[in-house]
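Subject: Model for you to look at

Hi,

Here is the structure I promised to pass on. Please open it beside this note; my findings follow.

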Amino acid sequence: MRFEIITIFPAFFAGIFEHGIVRRAQTEGLVGIGLHDLRAFTHDRHRTVDDRPFGGGEGMVLKPEPLARALKSLGIEAKTGEHECDPTHAVNSHSMEGAPASEADRRLGARVILLSAQGRPFTQAVARELAKVERVVLICGRYEGVDERINELYCDMELSIGDYVLSGGELAAAVVVDAIMRLVPGVLGNEASGEFESFGAADAEISTDEQGVPRSQHGAGGLLDYPHYTRPAEFAGLRAPDVLMNGDHLQIRKWRREQQLRKTLKNRPDLLENASLSAEDRRVLEAMRKEGAE
Ligand code: SAM
């Protein structure tokens, strides 16, 4: 998989992708990241990338021509068919220039994303879908944003990393790259580990590990993760839960599920609406709600 980041501050990314899993994914050749300096696609002496907004008002706007040239250099042409695509749909109208026309390439293609506070929320579900794509092109806005025609002509989706305004799309791009990359097959040591994290997929079938040992974890099914503990068993007068130390996988699994439900109910009750919940989960939640109300 490859990420292409178009930015006026390529140096911003120095260091960000040089640690841990993200670095390993690159050195192992599972993922590549290209940084593209928008100013390299200007033709004037001042390397101008911005201009005043039509209609007046505050700030400056990133001009369309350098962005269009930067995209063209990546083999991305203006869209011909439908405009914005559903992020849960892995097909798009861009193809990779020069790429072999195998069925897989046609299916996976490239997605062009505009980072924007006005975008749809970037969630783990969107990250999971984008992890199936061959190439993700990220456009980082600055100032008041990007000339809207770039969005209309080239972008498959606008993504926001949260309900706040950043000064540029670079931090958002780094977040998006990190979250997607760790879901690319082979990047995390254990293939299934993405399922057992906050917002992970449901796991009705995953009840034993590869050795047939009962799993002590549930696929999150859209819930938050459970709390984690490690040695020492006692710290600052607080003991790690005994249930985690008795080796009974089914007990541990039950405790962890309850904790997932408890955390989600406390911190993100909105997630419960779309979570995959069993009848037992619902019973436990009901008991927790009553407990809270008393
Ligand atoms: N005028 C814009 C608005 O009110 O929505 C804010 C522009 S912001 C100062 C500059 C750039 O930062 C945006 O073009 C976008 O690329 C990036 N940005 C800001 N907030 C973001 C967010 N929550 N998610 C993703 N990108 C964001």
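Two residues are in contact if their C-beta atoms, placed from the backbone, lie within 7 Å. By that rule, and leaving aside neighbours within four places in sequence, Arg47 is in contact with Arg39 and Thr42. Arg47 is in the loop that runs between strand 2 and strand 3 (50–51). Arg47 counts as partly exposed, because 14 other C-beta atoms lie within 10 Å. Pro66 lies 19 residues from Arg47 in sequence, and the C-alpha to C-alpha distance is 9.5 Å.

Please bear in mind that this is a predicted model.

The chain as a whole

The chain has 294 residues, of which 28% count as buried. Its secondary structure is eight helices and nine strands. Take the contacts with a separation of 6 or more: 68% of them join residues 24 or more positions apart.

Five strands make an open, parallel sheet, in the order 2-1-6-5-7. Strand 2 (32–37) and strand 7 are at the edges with a single partner strand each, so one side of each has no neighbour in the sheet. From one strand to the next, the twist averages 30 degrees.

Helix 6 packs on this sheet. It touches strand 1, strand 2, strand 5, strand 6 (135–139) and strand 7. The direction of helix 6 makes about 160 degrees with that of strand 6.

Strand 1 (residues 2–7) pairs with strand 2 over six bridges, in the parallel sense. There, Arg2 stands opposite Gly32 of strand 2. Pro121 stands opposite Ser160 in strand 7.

Strand 7 covers residues 157–160 and has two faces. Met157 and Leu159 make up the covered face. Glu158 and Ser160 are on the uncovered face.

The ligand

What surrounds the ligand? The shell holds 20 residues. The closest are Ala117, Gly141, Leu166, Gly169 and Ala172. By class, the shell has nine nonpolar, nine polar and two charged residues. Strand 5 gives the most, with four residues.

An α-helix has 3.6 residues a turn, so residues three or four places apart point the same way.

Helix 8 (residues 279–293) has 15 residues. Its reach from first C-alpha to last is 21 Å, close to the 21 Å expected at 1.5 Å a residue. How many of the 15 residues of helix 8 are buried? The number is zero, so helix 8 lies largely in the open.

That is the handover. Over to you.

Best wishes

Notes: Residues numbered from 1 in each chain as written. Predicted model: local features only at pLDDT ≥ 70, side-chain atom pairs only at ≥ 80, totals over all residues. Near = placed C-beta within 6 Å. Nonpolar A, V, L, I, M, F, W, Y, C, P; charged D, E, K, R; others polar. Buried ≥ 20, exposed ≤ 12 C-beta atoms within 10 Å, placed from the backbone. Pairing = 2+ DSSP bridges. Axes fitted to C-alpha atoms, helices over the stretch in contact; angles between N-to-C directions. Expected span 1.5 Å × (residues − 1).
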